[in-house]
Amino acid sequence: MYRKQIRRRRSILVALIIASLVLLSAHFSEAESGPLHAIQRGVATVLSPLESVASQALKPARDLVDWVDETFEARGENDQLRDDLAEARRELAQAQDAVGQNEQLRAMLSIGEKIDLAGFTPAYKPVTARIINRSPSVITATIGVNAGSGDGVEVDDPVISGDGLVGRVTEVTQSISQVQLITDPRNAVSARAMPEGPQGIVEPVAGDPDDLRLDFITNEQQVEEGQMLVTAGWSNGELSSAYPYGIPIGEVTETTLGEQDFQRVTVRPFADMRELQYVQLLTGGPERPGVRG
Amino acid sequence: MIVTWQIGLRLTAIVLVAVLVQISFLSYISILGATPDLLPVVIAVLGLLGGAVTGAVAGFATGLLVDSLLLQTLGVSSLVLLSVGYLAGRYREQFEIESLLAPALLAGALTMLATAGFVGLQLMLGVDATVSLLIVREIVVKGLLGFLMAFPLYPLLRLALRPALVLEEPPTRRRIFRNRRPARRRRVRRASAQGGVA
């Protein structure tokens, strides 16, 4: 009897391990249009209303945690903010005209229109979406949003928040999409330091959601702390970046000369990935060779 | 554990609630630079309460659900969580659980194992990440958070699944009475055989 139980237990374990490995390899190797992906999208679509309800229901709890977190952070930042405020007041006096114009422009233009002004035809159509889930993984960083192919979302659409670049769409169902954040190691963004700085690749540091790294900047190239990075939006005719030119990514917080001709440039993203509630998915836009099939 | 359809429903509800709480709430929180991971803890507790088979099956199903909802590669979370459930179940089958510390320690250790396993599988699947001490720190912190979460979760889930737990079936008055009667009869028989009064 006992041996029979052991045999049963072992056979169940082996069956489950084999099922997992088969699923893993089949899902990993099949195309996006494959049957496993279709089933997965179906399950995600069916359960997405439940996710939305859970996300809404748990929002007060998230807000409470954020409030506690921000209270502790605010105490530490208080001194720093006092210094910043004094400097900001001096700068404010010099730049009131510019600020006034800027505010008017901001009021008139949405981010999508701004990107269109940068010279893209047809213009991107921003679709605003709420975040409904988030991956708990240590390495990968993805979020789920409640907009899908029914809203015109496609794979590789850039995703932004009010602060700057958030990531790009990697999976789409009828009603939800998965967004790979710029803090996910599978994501790399070609970036340019502003106003006229060098171009490099922004990549995440695994396990550190707060910082990014700007790679391929030689020791001779000039990058300074506080310099802003925007998406480079390159294209060579056959291949192109998934992101259009000019989306703010973050600012340089530290630069150190490296031993192998390349600098180590640390970047703090403008968008706070943990505080995101809503994002905009830039749908449509110009044809980008090598990005969409 | 005796898994009737009612208990099956309870297990399904537990798994569903745990997955929703994880992806809609806990994944947004950062404590000491790490996100609390409820799922390995819940699966470890289910393994401790239900044994290796229950733990492995619950882990597999939970992993499949998470991977589907997050549109991740199917099978990764299943493989990790079924290992957690099976190991916790095997522990329960080998050792007596006498205090709350043992489940908490086991849940913490298995959370660390699950996180490391997930990282390993992701790296094998081609996620090109620099493995730094930050990841090790996050794995350790997740383990610590798992240890802490197990303290309320173990009694809570034991309460929810109590009707299915063979060893913890509450004694009823009838069973107590039925158990006592033969002993009393034996005493009476022994006393009358010796010629005395019971």
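Select helix H1 (residues 5–24) and helix H2 (residues 38–50) of chain B in this predicted model. The two helices pack at an angle of about 160 degrees, and their axes lie 9 Å apart. Because angles over 145 degrees count as roughly antiparallel, H1(B) is roughly antiparallel to H2(B). The crossing of H1(B) past H2(B) is right-handed.

Next, display the side chains at this contact. H1(B) contributes B:Ile14, B:Ala18, B:Val19, B:Val21 and B:Gln22, while H2(B) contributes B:Leu38, B:Leu39 and B:Val42. Seven of the contact residues are nonpolar, one is polar and none is charged.

Then move to B:Ala34, which is found in the loop between H1 and H2 of chain B.

Finally, show both chains. Here 43 residues of chain B are in contact with 43 residues of chain A. On the chain B side, the elements giving two or more residues are H1, helix H3 (52–69), helix H4 (76–94), helix H5 (101–124) and helix H6 (133–160). H3(B) gives the most to this side, with six residues. The chain B side that touches chain A comprises 27 nonpolar, 13 polar and three charged residues.

How values were computed. Residues numbered from 1 in each chain as written. Chains lettered and ligands numbered in written order. Predicted model: local features only at pLDDT ≥ 70, side-chain atom pairs only at ≥ 80, totals over all residues. Axes fitted to C-alpha atoms, helices over the stretch in contact; angles between N-to-C directions. Helix = DSSP H or I, 4+ residues; strand = E, 2+ residues; numbered from the N terminus. Parallel < 35°, antiparallel > 145°, perpendicular 65-115°, else oblique. Left-handed = near helix turned anticlockwise from the far one by under 90°. Contact = placed C-beta atoms within 7 Å. Nonpolar A, V, L, I, M, F, W, Y, C, P; charged D, E, K, R; others polar.
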